[in-house]
Amino acid sequence: MGWLDKLKQGMKKTATRFSSATVADLDSLEEALITTDMGVKMATELTSLLKKEKSENIKQKLSDILIQKLTPVAKPLEIKKSDIPFIILMAGVNGAGKTTTIGKLAHQYKNQGYSVAMIAADTFRAGASEQLSRWAERTQCPIFIGDPNEDPAALVYKSLEDLKKNPVDILFIDTAGRLQNKTDLMGELSKIRRVIQKHYENTPQETILVLDGTSGQNILSQVKLFGEATPLTGLIMTKLDGSAKGGVLVALADSFRLPIYALGVGESVDDLQSFTAPDYVNALLENVQ
Ligand SMILES: Nc1nc2c(ncn2[C@@H]2O[C@H](COP(=O)(O)OP(=O)(O)O)[C@@H](O)[C@H]2O)c(=O)[nH]1
Ligand SMILES: [Mg+2]
């Protein structure tokens, strides 16, 4: 199955709601848009734009507006050769898909000929390092692992010292996603950043927030909270093959101008895709009559 088919499958819930809302009946369309998790504000804004639309083809108009909103954020993650080592810090709540996404990205970059390494800086959760180690083994990347509960920043420091002797093109840093306390989160992420910057100025080049596409509107508060804790450069949304309500991407594009680098559409190594706004909107609106 192609990724868009997976995406469509994931959005079936949305699509079913859409199918009971005809574009001729804009109030029910507004309700359907809200249930895609794009948010009440966005749904209301879209519907009022459509109410003013003179042409017959309201669905086309809706599609055009959505594509226009999503196009600026649908950007692939670019590795700049002049910026090597290219350091990518992965942030996100527990279970969002950070570790899996690192595995998938490492696989892609290895296939493109880059050398890749990983630091398992989630030293708190039992099993987190083992999980990343399995990805490191599969993708044949060197990995740095700490002792249980070792200070993540200290592990990053040691790893970077070692990498000076054995340089790589791309370095992924996996982090713990503890969100109980904003001060903790901010403290930990900024400590890791400071350590990185001691070794390389203007790094990490990327701090990517990984978001679970099934968490609905909660995603928006995660972006806000993490964004306050650390400067984010982009987003990756996972689990769009599940019961995702894809409208949340529209809400993200509207609320934050952060690029959405990739979408996770499954648990295997190839299930990570960049997205293009037209394909995405087509999948989202497929069942609108
Ligand atoms: N269906 C699906 N599952 C995913 C995807 N990405 C990650 N997962 C699963 O979600 C769970 C949590 O992922 P993990 O990478 O451990 O999250 P982390 O805690 O942020 O590191 C694991 O069981 C993954 O296999 C995805 O795109 N689709
Ligand atoms: Mg993890």
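The legends below describe close-up views of a predicted model.

**View 1. Two domains of the predicted chain.** The chain is divided into domain 1, which spans residues 3-73, and domain 2, which spans residues 81-277. Taken over C-alpha atoms, the centres of domain 1 and domain 2 are separated by 31 Å.

**View 2. The open sheet of eight strands.** Pairing within this sheet is mixed, and the strands follow the order β3-β2-β4-β1-β5-β6-β7-β8. The edge strands, each of which pairs on one side only, are β3 (143-145) and β8 (272-273).

**View 3. Strand β1 and its pairing with β4 and β5.** Strand β1 (residues 86-91) is joined to strand β4 (residues 170-175) by five bridges in the parallel sense, and Met90 has Asp174 of β4 as its bridge partner. Helix α6 (residues 98-111) packs on the sheet, where the elements it touches include β1, β4 and β5 (206-212), and its direction makes about 170° with that of β4. Strands β1 and β5 also run parallel, joined by four bridges, and the bridge partner of Leu89 in β5 is Thr207.

**View 4. Strand β5, covered on both faces.** Seven of the seven residues of β5 are buried. On one side these are Glu206, Ile208, Val210 and Asp212, while Thr207, Leu209 and Leu211 are buried on the other.

Definitions and conventions
Residues are numbered from 1 along each chain as its sequence is written. Chains are lettered from A and ligands numbered from 1 in the order in which they are written. This is a predicted model: local features need pLDDT of at least 70, side-chain atom pairs count only at pLDDT 80 or more; totals for chains, interfaces and linings use all residues. Side-chain values use heavy atoms; hydrogens and water are left out. Two strands pair if DSSP finds at least two bridges between them. Helices (H or I, at least four residues) and strands (E, at least two) are DSSP runs, numbered from the N terminus. Contact means heavy atoms within 4.5 Å. Axes are lines fitted to C-alpha atoms, for helices over the stretch in contact, and angles run from 0 to 180 degrees between N-to-C directions. Domain bounds come from an automatic or database domain assignment. Buried means under 20% relative accessible area, exposed over 50%, partly exposed in between (1.4 Å probe, protein chains only).
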